[in-house]
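Subject: Structure handover

Hello,

Here is the structure I promised you. Please open it alongside this email.

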Amino acid sequence: MDGQEENVTKHEQLLQHIEQLKVGSKISVRGLARELGVSEGTAYRAVKEAENFGLVVTKERIGTVRIEKRPRGMSEQLTFADVVTIVEGHVLGGNEGLAKPLHKYVIGAMKEQAMARYIDAGSLLIVGNREDAHSLALEQGAGVLITGGFGTSREVRIMADELGLPIISSRHDTFTVASMINRAIFDRLIKKKIMLVEDIIGQKPRLQVLKVTSSAADFHMLVSETGEHRFPVVDEWNRVIGIVSLKDVSELKEDQSIEKSVIRRPITASLQTSLASAAQIMTWEGIDFLPIVDRNRKLIASVTRKEVLQAMRDAQKQPQLGETFDHLIWNGFAEERGEQNELLFHGFIIPQMATDLGTISEGVLLNVMTQAGRRAAWDVTGNDHVVDNVTTYFVRPVQIEDQILVRPLILETSRRTCKMDIVVTREGSVVCKAVMTLQSIDHA
């Protein structure tokens, strides 16, 4: 056990060391291990976690580099530095312009005179080894991405340095780099739409806490001051050790300590937890209060189920930004009403949904049934649901271009759960059935 605690301490020391490094510093696993006297395995785990936190990034031909963490809520626009990372490129000139935002990209597949109409300041020209086009783009205030691994002339590099406009080379072809940049833009749009716990923490007032030595009178005073009925309990280092609620102290006298009433080892979440995950955690664990801690388990804030659900509803009202696989799969399905006003869904199996054998992927079919079930549960209860368990029976294969009908049949509903049969048919014959239980994340 002592060895485990020592490893945790070394891990935290490594992360703190990485955080204190100057932006742009190069990092190596071997160097960190030697400098701080830890194993290379411990150093590697710390570097990977730092990468997840957005503290470092691995660049081709350069290595792992300390970067400035991008704050949440900033513009979804890429910078030229982002493009270098995305296309696995290297900078030939104009390093001072890497921080500039990229407004659009243009593929240079025409003569220079025709190309000039499409090149604006702040844009990026994607082109091969055409030095005249490189110069033209720089003169019009645009950066240049040279495909095929080609370089450019010394004169063009000097011009790029003087104008502070980056000129980048990538080994990939034009179509590939355009696809990579386009994918990165959509990924960023999707990530921006996914709300995290940290997105709602900044709007909350100062957090009120109790100690195990606090009395019932201290608890009731906080209740009267804040109107809240649950509070985190922390130790002298501000680490969460429990939660106490009004119900827990109801039988205590005013001068009695709350120590024996504290619910120990509470479930917690981090700032990087998505709101959907926080809602599911509270649903599955049957709790309405979630302390938010850092990686040292020190308390940062707290959220309630009501706050999380309200933020999720507000997010759903925002315009759609980018499409996930769920959206792409469901786009081909239409909704209609049956004879008893129940929801039905029908659509065609497109090639992207198929396996190499030409039949629908089992994962895609399960996704279709899950989305149909959640929509049917919403239609009946008015609440958002998450899948608790699914038992699926595959009966017959479904081929490309087959039309299927998905019919969710509600078996029973309660305040917390919804149970249903989901039947998938093709030309009137059953091809798949599932028994699905969903849990509501909206129940009080």
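Confidence first. This is a predicted model. The protein averages a pLDDT of 84, and 90% of the residues score at least 70. Strand S18 (residues 417–426) has the highest mean pLDDT, 94. Helix H1 (residues 2–20) has the lowest, 66. Over residues 1–8 the pLDDT stays under 50. For that stretch the model has 0 contacts beyond four places in sequence. Where pLDDT is low, the predicted coordinates should not be read in detail.

Now the sheet. It is open and built from 6 strands, in the order S14-S15-S17-S18-S19-S16. The pairing is antiparallel. Strand S14 (333–337) and strand S16 (385–394) are the edge strands, and each pairs on one side only. From one strand to the next, the twist averages 25°.

Some pairings to look at, going across the sheet:

- S15 and S17 run antiparallel and are joined by 4 bridges. Phe345 stands opposite Val406 in S17.
- S17 and S18 pair antiparallel over 8 bridges. They form a hairpin, with 3 residues between them. Pro408 has Ile422 in S18 as its bridge partner.
- S16 and strand S19 (residues 429–440) pair antiparallel over 9 bridges. Asn389 stands opposite Thr437 in S19.

Two helices lie across these strands. Helix H14 (residues 362–381) lies across S14, S15, S16, S17, S18 and S19. H14 runs at about 130° to S16. Helix H11 lies across S16 and S19, running at about 80° to S16.

Next, the cores. The largest nonpolar core has 27 residues. Val406, Met420 and Val424 have the most contacts inside it. Helix H13 (325–330), S15, H14, S17, S18 and S19 each supply at least two of its residues. Which element gives the largest share? That is H14, with 7 residues.

Leaving out residues up to four places away in sequence, its contacts include Gly373, Ala376 and Ala377. Met420 also touches Pro408, Leu409, Ile410 and Leu411, among others. Further contacts of Met420 include Ala434, Val435, Met436 and Leu438.

Last, the two loop residues. Ser215 sits in the loop between helix H9 (198–201) and helix H10 (216–226). Is Ser215 buried or exposed? Its relative accessible area is 15%, under the 20% cut-off, so Ser215 counts as buried. Beyond its neighbours within four places in sequence, Ser215 is in contact with Glu254, Asp255, Gln256, Ser257 and Ile258. Take Asp255: it is 40 residues from Ser215 in sequence, but the C-alpha atoms are 5.7 Å apart.

Thr273 lies in the loop between strand S11 (263–264) and helix H11 (275–285). With a relative accessible area of 14%, also under 20%, Thr273 is therefore buried. Not counting residues up to four places away in sequence, Thr273 touches Leu196, Val197 and Ala278.

Best wishes

Key:
Residues are numbered from 1 along each chain as its sequence is written. This is a predicted model: local features need pLDDT of at least 70, side-chain atom pairs count only at pLDDT 80 or more; totals for chains, interfaces and linings use all residues. Side-chain values use heavy atoms; hydrogens and water are left out. pLDDT is the predictor's confidence in each residue, from 0 to 100. Contact means heavy atoms within 4.5 Å. Buried means under 20% relative accessible area, exposed over 50%, partly exposed in between (1.4 Å probe, protein chains only). Two strands pair if DSSP finds at least two bridges between them. Axes are lines fitted to C-alpha atoms, for helices over the stretch in contact, and angles run from 0 to 180 degrees between N-to-C directions. A nonpolar core is a set of buried Ala, Val, Leu, Ile, Met, Phe, Trp, Tyr and Cys residues joined through side-chain atoms within 4.5 Å.
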